[in-house]
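User: I am new to reading side-chain contacts. Please walk me through them.

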Amino acid sequence: NWCSVNWYCTTIVKCADENQELPLFKRISFVKDKELKYTDWGWNFDPKGLRLAMREFMFRYGNVPVCISEIGWSEKEEVVDGKIHDVDRIDYIEKHVEQLDLALADGVNIVGMNLWSFQDLLSVGDGENKRYGLVYVDFQDNSRRRIKKDSFTYYQELIKKH
């Protein structure tokens, strides 16, 4: 047995209405943490939250192997001199891997991590504006030209290292 978990960000909520008759999502409101960086779509950059979530997972379910099946950072990007410099995505990957290393040291049985996604794709809610991938896809070009982003090279080196 093993478990798969998707991770993008933490969600911080506070009680907005104490009426227990209302569904949970009608009783809470979302809170932005001023200490965290956010995407244009409101998702935050919280690598320590990932470690805490993995520790909570271990506390609840024991030493079950867990794979992070999706993890990633979305942003708007543009080609500059034929390149994509996605420094926030690199920082996101680096900091989250550091926290996964610490979670492993805490005893969490993490067996893998898969980025979302290898190349840009159409977002269900945000179309072509939200970019996730390590490879840029030019949606305006009929050939769908691909450009390796800086994060592609970073991730390639990270895999070689580990």
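Analyst: Start with the polar contact: a pair of N or O atoms within 3.5 Å; within protein, one must be able to donate a hydrogen and the other to accept it, and residues adjacent in sequence count only if both atoms are side-chain atoms. Here, the side chain of arginine 131 reaches the backbone oxygen of valine 137 at 2.6 Å. This is a predicted model, where local features need pLDDT of at least 70, side-chain atom pairs count only at pLDDT 80 or more, and totals for chains, interfaces and linings use all residues. Residues are numbered from 1 along each chain as its sequence is written, and side-chain values use heavy atoms, leaving out hydrogens and water.

User: Is arginine 131 buried or exposed?

Analyst: Buried means under 20% relative accessible area, exposed over 50%, partly exposed in between (1.4 Å probe, protein chains only). Arginine 131 has 6%, so it is buried.

User: What does arginine 131 meet in a salt bridge?

Analyst: A salt bridge puts a side-chain nitrogen of Lys or Arg within 4 Å of a carboxyl oxygen of Asp or Glu. Arginine 131 pairs with aspartate 120 at 2.8 Å, N to O. Both lie in the loop between E7 and E8, so the pair ties together parts eleven residues apart in sequence. The E labels mark strands (at least two residues); helices are H or I, at least four; both are DSSP runs, numbered from the N terminus. Aspartate 120 is also buried, at 3%.
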